[in-house]
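Hi everyone, thanks for coming. Please have a look at the sequence and the structure on the screen, and then I'll talk you through a few places in it.

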Amino acid sequence: MSEAADDADEADAAPTVVVREARPADADAVAAFTRDTWGERHEDYIPRVFPGWAASDDPDRGTFVATLPPDAADVGDLDGRDAGDTHVTGDGDGAADAGDPEAVVGCIQGALLSEWEAWGQGIRVDPAARGHGVGTALSEAVLDWARGRGAIVCRNMVFSWNVMGLGQSRAVGFDPATEFRFAEPAPDPDAIDRDAAGLDRLPDPDPNAAWAFWSDSAARDRLRGLALDPDESWACSRLTRDELATAAAEDRLLAVADADALAGFAVRTRVTEREVDGEPTRTAVYGVAAWRDVDTAGALYDAIAADAAAADADRARVLIPETVEHVSDTGANRVPVAAEPDFVMCADLTGGDG
């Protein structure tokens, strides 16, 4: 038999990745290959949230796992891994027949953020199964899921340093959309009393004025209209006038103005609480901030610092565009900024422009 024929036989024998809906029984397998996803950079949130993802029955969210035959994922060269740590009993929808073992080698979730926007998140691939097309199969499953629910775009977020993740996203049809960074002002109840260079915090901001400011702002242009989604943590969706009205009604819209007009605003999206370094930590998260100039940025950050303190937050994070102007305005006001930006990618699900 020729060498070419041998290669063809090996290709024919390559195991096929099968993507199926996630089950609660998959949680331990997923935890086995996501405990050390980012090494020393930071902890992966997937082991914490996946059990809830898999157990939920939500038509606006789809959670999937990739499966392979059990002998296709070899953990022999991976430190701290035991053979079979990703094996589960198949139900007939994955790579194995019902009752037989299969390896869970990847995960992903899709979320419908609006009637036309979907979000892909939490894609992970077991290092023991790389080279089998797991990431592509997972991404295509979520894109198909999103199309089936009427979405015309699907976005995701990738760390700027995650070159492999960026490459994978591009390979399956995601194009660059925008980039942002998190500013991190310290909560401070006294910040509201600082001299704000003729700028005042509005006690009852007009959401229509904020919408008009946003519509004509450099921040909106650079962010392509996106802000943190009000319902799905760490997802980005198109900021709407209705969301600003809701934020105003719930006292989550902050704005500063001079004698003439509104000059900047921010939206508090949520306050989260989780353990950080062994201590319960509350973080006030602001889904977007936009301002006119460096002085307005300072007044707005003071308003955010006071608002975060009033929310009893230990930390604050503010999404700002990744531009020289916005980052330097932030730095000029002595507000810390995250060391690296995050990238948002967008896949067009219509076959036309995204």
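Let's start with Ala261, which counts as partly exposed because its relative accessibility is 42%; here buried means under 20% relative accessible area, exposed over 50%, and partly exposed in between, with a 1.4 Å probe and protein chains only. You'll find Ala261 in the loop between strand 11 (253–257) and strand 12 (262–276). Its C-alpha atom is 9.4 Å from that of Phe213, although 48 residues separate the two along the chain.

A word on what you're looking at: this is a predicted model, where local features need pLDDT of at least 70 and side-chain atom pairs count only at pLDDT 80 or more, while totals for chains, interfaces and linings use all residues. Residues are numbered from 1 along each chain as its sequence is written, and side-chain values use heavy atoms, with hydrogens and water left out.

Now let's zoom out. The protein chain has 354 residues, and 48% of them are buried. It contains 10 helices and 15 strands, taken as DSSP runs numbered from the N terminus (helices are H or I, at least four residues; strands are E, at least two). Along the principal axes, the C-alpha atoms fill a box of roughly 85 × 50 × 40 Å.

How is the chain divided into domains? There is domain 1 (18–151) and domain 2 (180–343), with bounds from an automatic or database domain assignment. Their C-alpha centres lie 34 Å apart.

So what happens where they meet? Contact, meaning heavy atoms within 4.5 Å, links 11 residues of domain 1 with 11 residues of domain 2. The area buried between the domains is about 790 Å², and carbon and sulfur atoms give 40% of that; buried area is the accessible area (1.4 Å probe) that two parts lose on being put together, summed over both. On the domain 1 side, Leu113, Glu117 and Trp119 lose the most area, together 49% of what that side buries.

Which side chains form a salt bridge here? They are Arg61 and Glu232, at 2.5 Å, N to O, and the count between the two domains is 1 salt bridge. The term means a side-chain nitrogen of Lys or Arg within 4 Å of a carboxyl oxygen of Asp or Glu.

Finally, strand 4 (101–112) and strand 5 (117–125) are the elements giving two or more residues to the domain 1 side. Strand 5 gives the most, with 3 residues. Thanks, everyone!
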